Amino acid sequence: MAAQLSVYSVSIGSSSGEEVQLAVHECSPAEGYRKTPILCVPGLWSTARSFDDLVCRLASSSGRRVLALSMRGHGGSSKSDCSLYTVSEAAYDICAALRVLALESTVLLGHGVGAMVATRVAMLEPERVAGLILCSGVRKLKMTANWGGNHRVTCTLDALIKRIAPSKDDESDPCAADDALWRAAAELTSAREETAAAAAGSPSLEDLQRSAPSALRSMLRSSLVSEVTSEALAAYTGRTLLLWGTDDVFSTLTEQLELLRLLKPRAELKQIDGGGHSLLWEAKRAGAVCEALTEFVLSLEEGSTGLRRSKSTTAALQAYGDAVSRALLKVESRPHQTPEQTLRHLLTAAACSLLPPPPPPNKGNKSISQARPHTPTSNPSPPLAPLALHLSLP
């Protein structure tokens, strides 16, 4: 039976004496709790509701928990002071949500500006981030970028900011700026849902309209001064998947190559032919997107449990197996030792032969063994204890 979508809120603390809650949309198969979950991080002017279709499809295809949450001030999440509607504060909120939801190891899927937020979370809580998926992400937003993300909407971010900014000259209609903002939000949602499944249309806009207008403006301004840097990602050593549609006019191929350069060597770029900035919502490419996401998450789990055996590990196992075989054949050839002592001696030698050779001695400084020559004694040293090899076997 297909997993059902659950909608609830989590409390991540308090701000100015008021409890802060984030709206969460989750789909969890029966056995999903045994696998690494996926947490979706929305981008500009998007909420958890926008991810409902993807959350259910991805949970079904990957057999794991998939969650999406709304940023503070967006959708059904709590409203706060304007100063807290920033990329950095959103990352802190997600870190708090990871702890409250007891998500010890999670794959973060960020879209657009949500990819920026996801990289901040990986910087703050690297031990909780099993992998990063940056869909249609950018290293740094440009004022000249097409905010609609496709050829249908051709308005730059600079023009959008001027369009939705409250006017100081005209105070006769204080709601005029908000009306302009909601018209722009409707255009953006319409452009995004134009190629999406029919069921994901108006409900996502209705949920977005529950947001605080100040939150939408502040997150836009904050994203324009935010940037993904190699220094910020220094603490994160996990793998990253860059998912990008070849027709994306907001996040270009140049942006993907810049991110790839910052995230090397543990990043890979997956291109979806014909996909736009709304790649995650495009029904024609839903199968290719789910396949790419599921394949990446499965590869993370295989790597963490040692299912993929490297060539060096295979060679070491073969060498050790050969040494064991030789030892068994020579047990009877050492009459002054018991068979057990002979086997122990040869297995220890076999294990030692797999270790790298020691570095050459420094001629400038005498070691202790050089300063004090060894004097043979009549009492031989006790036999060496057997070495234990710790190899990850599939």
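**Reading the model**

Modeller: The protein has twelve helices and eight strands; helices (H or I, at least four residues) and strands (E, at least two) are DSSP runs, numbered from the N terminus. This is a predicted model, in which local features need pLDDT of at least 70, side-chain atom pairs count only at pLDDT 80 or more, and totals for chains, interfaces and linings use all residues. Residues are numbered from 1 along each chain as its sequence is written, and side-chain values use heavy atoms, with hydrogens and water left out.

Biologist: What percentage of the 394 residues count as buried?

Modeller: Buried means under 20% relative accessible area, exposed over 50%, and partly exposed in between (1.4 Å probe, protein chains only). Of the 394 residues, 46% count as buried. In strand β6 (residues 129-135), six of the seven residues are buried.

Biologist: Which strands pair with β6?

Modeller: Two strands pair if DSSP finds at least two bridges between them. Strand β5 (residues 106-111) runs parallel to β6 and is joined to it by six bridges; there, valine 107 stands opposite glycine 131. Strand β7 (residues 239-245) also pairs with β6 in the parallel sense, over five bridges, and leucine 132 stands opposite threonine 240 in β7.

Biologist: Is leucine 124 buried, partly exposed or exposed?

Modeller: Leucine 124 lies in helix α3 (residues 113-124). Because its relative accessibility is 30%, leucine 124 counts as partly exposed.
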